[in-house]
Amino acid sequence: MAFFMTINGRRVEANEGEMVLTVARRAGIDIPTLCHHEAVEPFGSCRLCMIEVTKPAWNGWKGLMTSCLYPAAADLIVETDSERVRQVRRNVLDLLLARCPDAELIQKLAADYGVIQSTFPTRENPDKCILCGLCVRVCETAATSAIATVQRGHEREIGTPWGGPPPDCIGCLACVHVCPTGHIKYEDVGGMRKVWGREFELQRCEKTGKVLPITKEQAVFLAKRQNMNPNYLSKSADAQRKDTAETLGRIAKWNKLGMAMAPEVK
Amino acid sequence: MAQRLVVQPQYCIGCRACEMACAFTHGDKGQPGKSRCLTLTVGKDEYVPMLCLQCDNAACVQVCPVEAITRDEDTNVVHVDPEKCIQCMACTVACPFGNMHVGIAKIEVVKCDLCAGFGDNPRCAMFCPTKCLSVEMV
């Protein structure tokens with residue numbers, strides 16, 4: 001059921017069960033996020049989408065919440081860009097910049113919030129991982145849970161079982177493409193794909209022998225999980241298009257023949 | 001109101017106006033190679049324009065592991081949600097007609113959506129001189 005709530009003084013429509021972030025984005029109000037992706041459930045780990053919420057019944061008390069996890073409600077009043085919100089985001093970006101000084105996206109977001117240089121000492125040997133866990137969640141939703149966060153505290157990182165090549169990985173590169181900072185690296189060379197320290201053989205087109213953008217393990221996995229005929233995942237788009245065009249061309253030829261043979265209607 | 005794109009290859013003269021119309025409507029700088037409608041030559045003076053057929057039991061919808069490809073029940077058009085897509089490229093392989101394309105940036109998938117958001121009037125059909133491509137209301 002639809003109802004109305006207030007975001008930045010604007011009256012916007014929301015539906016039951018939606019989160020404030022979804023409502024705000026639909027209304028064209030920008031809230032920065034790093035760990036959010038439409039394909040997975042919200043998680044609230046990057047803390048960048050913080051907003052200030054209040055209700056008339058709360059006697060002026062204002063709470064800081066993550067908008068990706070805060071359910072929309074009638075008569076809710078939201079501020080997405082107040083000074084308090086900006087200060088919280090500045091702190092978050094300050095910490096992230098200390099962790100990942102080389103990540104371009106973090107640098108850009110931090111600069112937007114006025115953080116040019118982190119006030120904290122930067123990490124030794126920094127990488128670009130902000131530990132948002134989006135790759136882990138996508139792998140869980142779309143693939144096989146081949147990666148997870150390992151260790152605790154300051155040693156926490158995204159890793160594979162026992163640090164070796166992940167046995168369950170299907171090489172679908174979902175983790176690579178959703179990573180907000182581009183930390184996860186992969187290589188596609190000569191029909192082989194290398195990701196997470198494991199080598200995958202890429203599927204080849206049955207007709208032309210062309211390398212397809214999916215791995216053999218991925219084709220087997222998708223055929224089983226999505227209940228597909230494996231033949232669907234064994235030909236390249238170009239070969240399929242050519243086949244279909246030839247079939248349609250044959251039909252067109254018969255149609256032309258039919259048009260020529262048909263008695264002229266006057 | 002649902003509409004359907006009708007392809008009648010016997011009328012195609014291979015002028016590729018549909019490719020250009022598509023590339024200039026959706027593409028960047030009108031690159032015809034990145035059009036969602038491709039005209040293939042299958043013989044002497046025989047051409048077949050190939051576009052998404054919006055299949056009823058679509059392979060792309062079935063193969064998507066995150067349900068990013070869905071059918072709009074009102075218009076009967078299959079859409080890709082770029083926000084949901086994880087760029088696993090399974091749909092580009094799964095389409096049995098090869099009509100799921102990789103976009104210009106090389107990381108997104110694009111398909112014919114009958115110009116949804118562009119007046120909901122397929123440009124390829126508007127520019128087709130011989131009515132090889134035409135729109136039918138269903």
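# Notebook: chains A and B

**Entry 1, the contact between the chains.** I started where the chains touch: 33 residues of chain B and 31 residues of chain A take part. I counted two residues as in contact if their C-beta atoms, placed from the backbone, lie within 7 Å. On the side of chain B that touches chain A, the elements giving two or more residues are β2 (38-43), β3 (46-50), α2 (59-63) and α3 (90-94) of chain B. That side of chain B divides into 22 nonpolar, seven polar and four charged residues. For the classes, Ala, Val, Leu, Ile, Met, Phe, Trp, Tyr, Cys and Pro are nonpolar, Asp, Glu, Lys and Arg are charged, and the others, Gly among them, are polar.

The model is predicted, with local features needing pLDDT of at least 70 and side-chain atom pairs counting only at pLDDT 80 or more, while totals for chains, interfaces and linings use all residues. Residues are numbered from 1 along each chain as its sequence is written, and chains are lettered from A and ligands numbered from 1 in the order in which they are written.

I found seven helices and eleven strands in chain A. These are DSSP runs numbered from the N terminus (helices H or I, at least four residues; strands E, at least two). The radius of gyration of chain A is 26 Å, well over the 18 Å that the globule rule gives for 266 residues, so the chain is more spread out than a compact globule. That radius is taken over C-alpha atoms, and the rule is 2.2 Å times the number of residues to the power 0.38. The C-alpha trace of chain A spans about 85 × 60 × 35 Å along its principal axes. I noted 36% of the 266 residues of chain A as buried. Buried takes 20 or more other C-beta atoms within 10 Å of the residue's own, exposed takes 12 or fewer, and partly exposed is in between, with C-beta atoms placed from the backbone.

L93(A), L96(A) and L97(A) of α2(A) meet I106(A), L109(A) and A110(A) of α3(A). The residues of this contact divide into six nonpolar, no polar and no charged. After α3(A) comes G114(A), with a positive phi near 80 degrees.

The buried residues of α6(A) are E217(A), Q218(A), A219(A), F221(A) and L222(A). They pack against β10 (198-204) and β11 (211-215) of chain A, together with α2 and α3 of chain B.

N227(A) follows α6(A), in the loop between α6 (216-225) and α7 (237-261) of chain A. Phi of N227(A) is near 60 degrees, a positive value in a residue other than glycine. Is N227(A) buried or exposed? With 9 C-beta neighbours inside 10 Å, N227(A) counts as exposed.

S145(A) has a positive phi too, near 55 degrees. S145(A) sits in the loop between α4 (134-142) and β6 (148-150) of chain A. With 13 C-beta neighbours inside 10 Å, I put S145(A) down as partly exposed.
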